[in-house]
Amino acid sequence: MAQADRVVPLYALRPGAARDLPEIAEIEAEVFPEPLALRDLERIWAAPGTRYVVAEGGRAVCAYFGFQVLGPVAHVVSNATHPAHRRHGLATRLLREGERVAAEAGARWFLGEVRESNAAQMRLLRRMGYREVGLCRSFFGNGESARVVLRFFDEPVPRPD
């Protein structure tokens, strides 16, 4: 099928709900080397300030962005797109919507950690205006280090060259 003939699925963004957690756990298990289990997601969901934004295709959760608003900072829990739904701009849309939701809840910036090996995520975040502000050695359970990233909401998103 030629690129111009490719069918692009329709996705709707909406606030996450507790009923989405099993599908989020399935995506976690598919894409992360150390996924959050359903019981971990349920514990995080129950914490004050937790928000999820999901992308739905049909009736299935295809991607999500979870974070916790803690005063002026929104800390990223995790975000992922199911491999079958990548390359449709879902991560960008979810990050933008998450920023709007976090700002409405009083946050002024996002703070998160990204595996050193996750070059694709770092490219996306840099395009979205995030900057790397530190390195946490042996942050993850398997000993991998994490790049600490930050995005202030009042800073403009860089324009692509």
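Helices (H or I, at least four residues) and strands (E, at least two) are taken as DSSP runs and numbered from the N terminus. The model is predicted, so that local features are reported only at pLDDT of at least 70 and side-chain atom pairs only at pLDDT 80 or more, whereas totals for chains, interfaces and linings use all residues. Residues are numbered from 1 along each chain as its sequence is written, and side-chain values use heavy atoms, with hydrogens and water left out.

The loop between S4 and H3 contains His88, and Arg87 is placed in the loop between S4 and H3 as well. Accessibility is classed by relative accessible area, with buried meaning under 20%, exposed over 50% and partly exposed in between (1.4 Å probe, protein chains only). His88 counts as partly exposed because its relative accessible area is 22%, while Arg87, with a relative accessible area of 75%, is exposed. The backbone of Arg87 has a phi near 70 degrees, a positive value in a residue other than glycine. Between the C-alpha atoms of His88 and Pro15, which are 73 residues apart in sequence, the distance is 19 Å.

A positive phi, of about 50 degrees, is also found at Ser138, which is not a glycine. Ser138 belongs to the loop between strand S6 (131-136) and strand S7 (146-152), and its relative accessible area of 53% makes it exposed. Gly143 is likewise located in the loop between S6 and S7, and it is classed as partly exposed because its relative accessibility is 37%. In the loop between S2 and S3 is Gly58, which is exposed at a relative accessible area of 66%; from Gly58 to Ala84, 26 residues apart in sequence, the C-alpha to C-alpha distance is 13 Å.

Packing in the interior was examined through nonpolar cores, a core being a set of buried Ala, Val, Leu, Ile, Met, Phe, Trp, Tyr and Cys residues joined through side-chain atoms within 4.5 Å. The largest nonpolar core comprises 25 residues, and those with the most contacts inside it are Phe65, Phe67, Ala74, Leu95, Ala102, Phe110 and Tyr130. Two or more residues of this core are given by each of strand S2 (50-57), strand S3 (60-70), strand S4 (73-81), helix H3 (90-104), strand S5 (109-115) and helix H4 (119-127). Apart from this core lies another, of 11 residues, which include Leu21, Ile24, Ile27 and Val61. In soluble globular proteins, nonpolar side chains tend to be buried together.

With contact defined as heavy atoms within 4.5 Å, and with neighbours within four places in sequence left aside, Ala74 touches Phe67, Gln68, Val69, Ala102, Ala107, Trp109, Phe110 and Leu111. Tyr64 is situated in strand S3 and counts as buried because its relative accessibility is 0%. Under the exclusion of neighbours within four places in sequence, the contacts of Tyr64 include Ile24, Ile27, Glu28 and Phe32, together with Tyr52, Val53, Val54, Ser78, Asn79, Ala80 and Leu94. Tyr64 and Ala17 are 47 residues apart along the chain, and their C-alpha atoms are separated by 11 Å.

Grid points are joined across faces, edges and corners, and a volume is the space filled by probe spheres set on the points. The largest pocket holds about 1,100 Å³ of space. Its lining consists of 42 residues, of which Phe32, Asn79, Ala80, Asn118 and Gln121 are the closest to its centre. Helix H1 (21-31), S3, S4, H3, S5 and H4 each give two or more residues to this lining, and the largest share, seven residues, comes from S4. With Ala, Val, Leu, Ile, Met, Phe, Trp, Tyr, Cys and Pro counted as nonpolar, Asp, Glu, Lys and Arg as charged, and the others, Gly among them, as polar, the lining has 22 nonpolar, 12 polar and eight charged residues.

The structure holds zero disulfides, a disulfide being a pair of cysteine sulfur atoms within 2.5 Å. Cys62 counts as buried because its relative accessibility is 1%, whereas Cys136, at 29% relative accessibility, is partly exposed.

Conventions
On a 1 Å grid over the protein atoms alone, a cavity is a set of points where a 1.4 Å probe fits but cannot get out, and a pocket is an open set with protein on both sides within 12 Å along at least five of seven lines; lining residues have an atom within 4 Å of a point.
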